[in-house]
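The sequence and the structure come first, and the notes follow.

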Amino acid sequence: FPSHDRGSRLFSLPEGTEMFHFPSLPLTLLFIEREMTGHYSSRVSPFGNPRIEAWLAAPRDFSQPPTTFIGFWCLGIRHLHLLICFYIYYKDARVHCVVLKVRGFLLSDLPLNSGVGDSIIAIESAQVSLRQAQKALEELEASNTVLSNLNQVFSRFVPGAFLDSLGLRSPLEAQLGAHKSTTVSVMFGDLRGFTGLSERMTAAEIFAFLNRFLAFVAPNIRNNGGFVVHYVGDGVLALFSGAPDNSVQAAVDMQRALTDAVAVGGLGDFLKNKEAPRLGIGLSFGTVEMGIIGESGRWDPAVISDAVNVAARLQELSKAMGAQILATSELQKGMKKVEGFHMRRVGMVKLHGRDERVEVLEVLDGLPLADRTLRILNRRILEGAIHDLEAGHIEKGRDALQKYLKICPTDSTALYYLSQ
């Protein structure tokens, strides 16, 4: 209020406090402007009444209290507006606004010449800008959520670790033909006995069974620093960077997870009165070419290397031998803590599609405790028998195998060599 106005004295406001009224109706607006400011803005009355305009234009003596009905009425309206809606500016420069929304009230009704209308318009404009900014922020947050979900879905199809291995910081940087050489451990796993099971399943049951199986075994790949490149039906191709120890530990964990899943019925009712499925795993170590192959309409991550072929062939050999996990000697040589696992040599093997023989080892840590213990304690007997067979001492080797089988009658690897 102006310093000569009695309003500030009537309300005993703190020194330095500024207050502004909020008129609501055109006529009230004109009267209050006249009573509170002592002048009239010469705007045309919406009623077109010369008497009202003349009264509004007449000078006002603020030293005397109001004596007319209109004067008292305007003073009451003024005080009513002051009570229900005002701005207060505190000394600490914080502004607290209480905005009265009156239906039918337009900003064009405000007395712009007094500065009140300008202030309210500025405040309303700021509020509109704030609402627009809040709406834009909400839309941005919604877009970020959608983008984050899309990235998560994309990462399930193309692992982020695969892109990282190619040196790509974002999928947007991927290009057809991009490739990079790196040294990794390669895992190729396959579920044995699934073909026979699937013959008696519907399509929905096949997908349900495979997803349950993978839910038990596949997380062990990620937990040991690897990532899945492909799911090939009931098979899986995975890569591990760094020391090969992680790939061996992952294979052991996968075997144990499958055993637990069968024990607790985690694979569902598909195995009732049926032999439990087994998992064969081949592990190799070497340099691979990782890249993106395809054509303009379809891309796919690819791993091309002899190490991949070796891992796939070892997985096939594990089925013939009845072994759980087979690995190359090259992988064993690259391990940092060989003593942390129990391995036994199972010979120089000629793999399908290769001219050179590969030295193969069997990892025993995924076997049940009883079988694992017997095979670890007597592995020198089996390794000696296999060495005799490779050296051409067939009879000596067969005798050693038969002796070993009396101790470990269920060892399928020994039975495999005895049948050759």
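Two strands count as paired if DSSP finds at least two bridges between them. The model described here is predicted.

## Strand pairing around β3

Strand β3 covers residues 179–192, and strand β6 covers residues 278–295. The two run antiparallel and are joined by 14 bridges.

## A nonpolar surface patch

Which residues form a nonpolar patch on the surface? The patch is made up of Val-146, Leu-147 and Leu-150. Together these residues have about 280 Å² of accessible area.

Leu-147 belongs to helix α5, which runs over residues 116–157. Its relative accessible area is 48%, so Leu-147 is partly exposed. That class lies between buried, under 20%, and exposed, over 50%.

## The loop at Gly-340

Gly-340 sits in the loop that lies between α12 (329–334) and β9 (343–350). Gly-340 counts as partly exposed because its relative accessibility is 49%.

How many Å separate the C-alpha atoms of Gly-340 and Gln-249? The separation is 9.5 Å, while along the chain Gly-340 and Gln-249 are 91 residues apart.

Key. Residues numbered from 1 in each chain as written. Predicted model: local features only at pLDDT ≥ 70, side-chain atom pairs only at ≥ 80, totals over all residues. Heavy atoms only, no water. Helix = DSSP H or I, 4+ residues; strand = E, 2+ residues; numbered from the N terminus. Patch = residues over 30% accessible without salt bridge, like charges linked within 9 Å, V, L, I, M, F, W, Y side chains within 5 Å. Areas by Shrake-Rupley, 256 points an atom, 1.4 Å probe, with all protein chains shown as cover. Salt bridge = Lys/Arg side-chain N within 4 Å of Asp/Glu carboxyl O. Buried < 20%, exposed > 50% of the residue type's maximum accessible area, 1.4 Å probe, protein only.
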